[in-house]
Amino acid sequence: MSDFRPTLRPALGAKPVISSTAVSLSPLPEGVIIHVLAQPGERDVASFLDGLAKRAALAVRSVSPGQWFIVGEEPMAYQDMKDLFDGLEPRATGVDQSHGRVRIRISGKLARRVLSKGTAVDLAPATFPVGQSATTLIGHIAAHITCVDADTFEIIVLRGFAESLWDDLARMSAEFG
């Protein structure tokens with residue numbers, strides 16, 4: 001039997017926070033990301049998910065009709081994950097994506113301007129208010145953007161693209177110090 005033990009390396013572990021008075025870019029903890037898919041015909045699943053998530057100190061992000069991400073800062077123990085999945089049934093099904101997706105935060109008074117360099121989504125506060133989410137491209141990389149506060153966005157990206165997206169966001173932020 002082999003003594004091989006894989007080492008988990010955070011996708012953005014070596015990336016320092018980039019911060020100026022106008023914009024800040026920071027990797028978020030690799031906690032938990034669960035992709036939730038509603039059963040066909042289910043209604044009012046979003047408020048049901050909000051209730052489940054709040055009890056576990058998690059947040060819900062809309063992905064598309066019938067799909068959401070449940071995200072959290074801390075990894076979930078096996079039993080907690082199982083309990084959450086059991087709580088979803090029979091209305092929805094969850095798939096743990098924690099190992100395959102990474103979260104990045106960009107904030108500051110010019111965060112919308114930085115993001116608008118790379119995406120076609122209209123990020124104006126009137127059309128993209130707090131709580132709004134969109135799956136889009138940032139440059140050539142597929143990403144999920146959520147406005148979590150007035151000038152703060154969470155970006156979820158596939159793990160294999162996290163460093164490339166980070167580098168792109170850093171370059172897009174460079175002119176703002």
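Strands β3 (residues 32-38) and β5 (residues 67-72) run antiparallel and are joined by six bridges. Two strands are called paired here if DSSP finds at least two bridges between them, and the elements themselves are DSSP runs numbered from the N terminus, helices being H or I with at least four residues and strands E with at least two. This is a predicted model, in which local features need pLDDT of at least 70 and side-chain atom pairs count only at pLDDT 80 or more, while totals for chains, interfaces and linings use all residues. Residues are numbered from 1 along each chain as its sequence is written, and side-chain values use heavy atoms, with hydrogens and water left out.

Now step back to the sheet around that pair. Its four strands have the order β4-β5-β3-β6, with antiparallel pairing, and the sheet is open. Because β4 (59-64) and β6 (92-96) each have a single partner strand at the edges, one side of each is left without a neighbour in the sheet. On average, neighbouring strands of this sheet are turned by 25 degrees against each other, direction ignored.

Two helices lie across these strands. Helix α1 (residues 45-55) lies across β3, β4 and β5, at about 15 degrees to β5. Helix α2 (residues 78-88) lies across β3 and β6, at about 155 degrees to β6. Contact here means heavy atoms within 4.5 Å; axes are lines fitted to C-alpha atoms, for helices over the stretch in contact, and angles run from 0 to 180 degrees between N-to-C directions.

Next, look at the charged side chains. The whole structure holds nine salt bridges, each a side-chain nitrogen of Lys or Arg within 4 Å of a carboxyl oxygen of Asp or Glu. In one of them, Arg-159 meets Glu-30 at 2.8 Å, N to O. Arg-159 lies in the loop between β10 (152-158) and α4 (162-173) and Glu-30 in the loop between β2 (24-27) and β3, so this pair ties together parts that are 129 residues apart in sequence. Glu-30 counts as partly exposed at 27% relative accessibility (buried is under 20% relative accessible area, exposed over 50%, partly exposed in between, with a 1.4 Å probe and protein chains only).

Another salt bridge joins Glu-42 and Arg-91 (2.9 Å, N to O). Since Glu-42 lies in the loop between β3 and α1 and Arg-91 in the loop between α2 and β6, the pair ties together parts that are 49 residues apart in sequence. Finally, Arg-61, Glu-73, Arg-103 and Glu-154 are linked in a network of salt bridges.
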